[in-house]
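Please keep the sequence and the coordinates side by side while reading. The explanation below moves through the structure one region at a time.

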Amino acid sequence: MRPGPLLAALVTTLRRNVAMTCAVVVTVTICLAMLGAGLLLRAQAHTVDDFLLDQIEIVVDLQDGLDDADRQALRDELAADPLVVGVTYESKQDVYERFRRDFRTSPDVVAGVGPDDLPASFRLALTDPRDAAVIVETYTGRDGVEAVRDQRALLGPLYRFLDAFTLGAFVLAAVQAVASFVLIYTMIRISAHARRRETAIMRLVGATNAAIRAPFMLESALAGLLGGLLAVGALVLAKIYLVDGRFARQTMFPLFGWDAVWVAAATVLAVGVTAAAGMASVALRRHLRA
Amino acid sequence: MIRLASVTKRYAVGSRPALCDVSTEIGAGEFVFLVGPSGSGKSTLLRLLLREERATTGLVEVAGRDVARIPDRKVPLLRRTVGCVFQDFRLLPDRTVAGNVAFALDVVGRPRHVVRAVVPEVLELVGLTGKEKRFPDELSGGEQQRVAIARAFVGHPQVLLADEPTGNLDPATSAEIMDLLDDINQAGTTILMATHNAGLVDAMRLRVLELDAGLLVRDERRGGYDNPDGPSETSPDIDTGPLDTPASTGPLDVPAQRPRVQAPAPTGREAG
Ligand SMILES: Nc1ncnc2c1ncn2[C@@H]1O[C@H](COP(=O)(O)OP(=O)(O)OP(=O)(O)O)[C@@H](O)[C@H]1O
Ligand SMILES: [Mg+2]
């Protein structure tokens, strides 16, 4: 069909079926917002990962005022440890640079800190990261050692939190997807009923199946697109007010950036439109006799 | 144009067949009445020609194609060569006269300039010039049927099937519709019209096929509504009139001058 008559058919369908289409849009919005939230939580986990991969697993913070000879002795001992494959020294200035780099997205955090507030440290690369606990135990409390930190272990709860919420979001999205399907199914049934005269005549005068189905698929895809746009709106608002406006002030970890939001938005829109059209085509198989 | 060979149609397994071993042939350009009591299988026969139903056994051919063997996605092409009108008009109430006719072209993807050019032509042919912008509920039954005929004819099908097109109309209006169908037939379209309207059939004296309980009991070249061989219990094999061997090639000899049914030509009459 030409775009003109197709659009006219779409308008009739929508007009006769406003309430149902709205219900579909709402459910699809919730479904896609959950999907988007899940994607952003995963992006957040990746952001933290990247941040940590950048770092050596174990950090040995040195006490201020440790003299060069003692430092060298400690370094030799660490290098000789069979569990350790590499040792790097970072001066207070080096640590400060790294800190500024890691927290570039949170200027509030950086502002109150200077090079002197941070300890110089050794960064250890382990042969097997699972031996971290042994290293921590061995070197904690040594002369000149302020603290031994296993950064991954510190982050365990964070990872568990992110994973749980990601899973939760995806499960909710799946539940909403089922609800969306049921509603789209019903919407198509009502639309098919409302347009039964038109479809009967279309069939009679030799319209192809594709032409007969097009208005219904379009109705559903449009509901999917609208739901997708609303969900993207919700994600953008969440990024501005929740992530940047709140969490950024409360956490020390770097947060996902706008690129992650746009990737999630594009995914959400594409999934919304194609899934809605696909669900419609399944429903049409049932409600439109070929 | 249309050929049925030993066609039997059973709607449900084991039920009495709606059509039973029907064989006949209709040449291009013919006008054929299909008569018979209620439930005799007239609509069933028309539905077979549109592939809305499939024959249980036997061969159904339309425009040289075995209808049963047309793949599903090509069925729309069959329906574009076979126009259709019904007793209940089946117009879209929220579209104007012109909109209803244009709909048939729009949905098969005809370009806009074609639609713009063809719709007024067809509306003029059926005598509805000046009423293009009316809605179906602002038209008389006869006018609504004209819209339906315009819609069926606008794609220039080779065959026009009419299932009791005058069933809801008074005699004078029926005669006008009959004249319109006759005009369309004179222009070359094959027409098969199922009807209970004895007056029309008797006045036209065209070929008549009579069904009774699914059996083809009469095929008469210039028949009337009633079976001259008496009540229709007769077996179809005994005497099917002068068309025992129907012409399979080309149109039958159409009478040069056909009787007009009482009403004058409808074109533009209501417009004035
Ligand atoms: N869809 C269907 N399912 C089952 N049986 C049907 C169906 N359509 C028609 N029949 C049966 O087939 C037989 C023929 O019906 P058909 O509609 O062809 O008759 P008809 O000659 O058109 O009658 P009328 O003059 O009343 O329109 C009838 O016995 C009818 O009950
Ligand atoms: Mg009938």
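The structure shown is a predicted model, and its local features are described only where pLDDT is at least 70.

Which residues lie closest to ligand 1? Ser38(B), Lys42(B), Ser43(B), Thr44(B) and His196(B) do, within a shell of 14 residues that surround the ligand. Individual contacts with ligand 1 involve both backbone and side-chain atoms of chain B. From the backbone, a polar atom of Gly41(B) is 3.0 Å from an oxygen atom of ligand 1. From the side chains, Glu164(B) places a polar atom 3.2 Å from an oxygen atom of the ligand, while a polar side-chain atom of Tyr11(B) lies 3.4 Å from a ligand nitrogen atom. The protein buries 61% of the 630 Å² that ligand 1 exposes when taken alone.

The next region is a group of strands in chain B. The term buried here denotes under 20% relative accessible area. On strand 6 of chain B, the side taken by Val82(B), Cys84(B) and Phe86(B) is buried, as is the other side, to which Gly83(B) and Val85(B) point. Strand 6 of chain B runs parallel to strand 7 of chain B (residues 159–163), and 5 bridges join the two. Within this pairing, Leu160(B) of strand 7 stands opposite Gly83(B).

Strand 7 of chain B also pairs with strand 8 of chain B, again in the parallel sense and over 5 bridges. Here Ala162(B) has Met193(B) in strand 8 as its bridge partner. Strand 8 of chain B, residues 190–194, is in turn joined in parallel to strand 3 of chain B (residues 31–35) by 4 bridges. Val32(B) is bridged to Leu192(B) of strand 8.

Is strand 8 of chain B enclosed or open? It is largely enclosed by the rest of the structure, because 5 of its 5 residues are buried. Both of its faces are covered: Thr190(B), Leu192(B) and Ala194(B) are buried on one side, and Ile191(B) and Met193(B) are buried on the other.

Further along chain B, Gly223(B) belongs to the segment after strand 10 (215–220). Gly223(B) has 0% relative accessibility and therefore counts as buried. Its C-alpha atom is separated by 37 Å from that of Glu138(B), a residue 85 positions away along the chain.

The account now turns to chain A. Thr27(A) is located in helix 2 of this chain, which covers residues 18–53. Why does Thr27(A) count as buried? The reason is its relative accessibility of 8%, which falls under the 20% limit. A polar atom of the Thr27(A) side chain lies 2.6 Å from the backbone oxygen of Ala23(A).

For residues 171–284 of chain A, an unreviewed UniProt entry gives the annotation "domain: ABC3 transporter permease C-terminal". In the model, this span is 89% helix and 0% strand, and its end C-alpha atoms lie 27 Å apart.

Technical notes
Residues numbered from 1 in each chain as written. Chains lettered and ligands numbered in written order. Predicted model: local features only at pLDDT ≥ 70, side-chain atom pairs only at ≥ 80, totals over all residues. Heavy atoms only, no water. Near = heavy atom within 4 Å. Polar contact = N/O pair within 3.5 Å; in protein donor to acceptor, adjacent residues only side chain to side chain. Areas by Shrake-Rupley, 256 points an atom, 1.4 Å probe, with all protein chains shown as cover. Buried < 20%, exposed > 50% of the residue type's maximum accessible area, 1.4 Å probe, protein only. Pairing = 2+ DSSP bridges. UniProt positions renumbered as here; feature names shortened; annotations may be inferred.
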